[in-house]
Amino acid sequence: FAPPTFTHCQLLRENMVNRITICLSCFCASAISAVFWQKLPSTHSMALMIAILIISVTIIIFISTTKPAEHHAFPEVLLCWAVSGLLSGVLWVASVGHFYYAWQLPQGKIQQDVTISGRVVSGGCVFGTA
């Protein structure tokens, strides 16, 4: 019984699946963590997260282009995949939260009685009258 041999493409595909699994697992974990946030991250902290994300993706791209055959062995690359997944999830949920928050009414406008008056000039929906 001989152990199976893997071709170079099979190893690359398997390593890519592992890296994507790490990234997406971290994305999901950080997105779910939003349930426990006391408040949304500030825009300044989100800008810092974007800068760290760009650095992480740059490291992934740099190492994968300079050492394509052995870059799967670097734990730094796996850490960068995890960091990019974590930050992507936090930034996604925080940006959606800030977007929804921007659509909220001001505190003084909530539960206010509003009276609308008007006059119908023409038309109508009553059957039998035209």
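Predicted model: local features only at pLDDT ≥ 70, side-chain atom pairs only at ≥ 80, totals over all residues.
Biologist: Which elements make up the secondary structure of the protein, and in what order do they run?

Modeller: Helices (H or I, at least four residues) and strands (E, at least two) are taken as DSSP runs and numbered from the N terminus. By that rule the protein has three helices and zero strands. From the N terminus on, the order is therefore written α-α-α.

Biologist: What percentage of the residues in the protein is buried?

Modeller: A residue is called buried under 20% relative accessible area, exposed over 50%, and partly exposed in between, with a 1.4 Å probe and protein chains only. Of the 130 residues in the protein, the buried ones make up 20%.

Biologist: At what angle do helices H2 and H3 pack?

Modeller: Axes are lines fitted to C-alpha atoms, for helices over the stretch in contact, and angles run from 0 to 180 degrees between N-to-C directions. Helix H2 covers residues 43-66 and helix H3 covers residues 75-102, with their axes 9 Å apart. The angle between H2 and H3 is about 145 degrees.

Biologist: How do the residues of the contact of H2 with H3 divide into nonpolar, polar and charged?

Modeller: Contact means heavy atoms within 4.5 Å, and the residues that meet include Met-46, Leu-53 and Ile-60 in H2 and Val-77, Ser-84 and Leu-91 in H3. Ala, Val, Leu, Ile, Met, Phe, Trp, Tyr, Cys and Pro count as nonpolar, Asp, Glu, Lys and Arg as charged, and the others, Gly among them, as polar. The residues of this contact are 17 nonpolar, five polar and no charged.

Biologist: Is Ser-84 buried or exposed?

Modeller: Ser-84 lies in helix H3, and, not counting residues up to four places away in sequence, Ser-84 touches Cys-23, Leu-53, Ser-56, Val-57 and Ile-60. Because its relative accessibility is 6%, Ser-84 counts as buried.

Biologist: Which residues does Gly-89 touch, not counting residues up to four places away in sequence?

Modeller: Gly-89 is found in helix H3 and is buried, with a relative accessible area of 0%. Gly-89 and Leu-24 are 65 residues apart in sequence, yet 8.8 Å apart in space, C-alpha to C-alpha. With those sequence neighbours left out, Gly-89 touches Phe-27, Ser-30 and Ala-31.

Biologist: With which residues is Val-93 in contact, leaving aside its neighbours within four places in sequence?

Modeller: Val-93 also belongs to helix H3. Val-93 and Ser-30 are 63 residues apart in sequence and 8.7 Å apart in space, C-alpha to C-alpha. With neighbours within four places set aside, the contacts of Val-93 are Ala-31, Ala-34 and Trp-37.

Biologist: Which residues form the one aromatic cluster?

Modeller: Rings of Phe, Tyr and Trp (its six-membered ring) pair if their centres lie within 6.5 Å, and planes under 30 degrees apart count as stacked, over 60 as edge-to-face and the rest as tilted. The structure holds two aromatic pairs: Phe-99 and Tyr-100 are tilted, at 6.1 Å centre to centre with 50 degrees between the planes, and Phe-99 and Trp-103 are edge-to-face, at 6.4 Å centre to centre with 65 degrees between the planes. Phe-99 is partly exposed at 49% relative accessibility, whereas Trp-103 is exposed, with a relative accessible area of 67%. The one aromatic cluster is formed by Phe-99, Tyr-100 and Trp-103.

Methods. Residues numbered from 1 in each chain as written. Heavy atoms only, no water.
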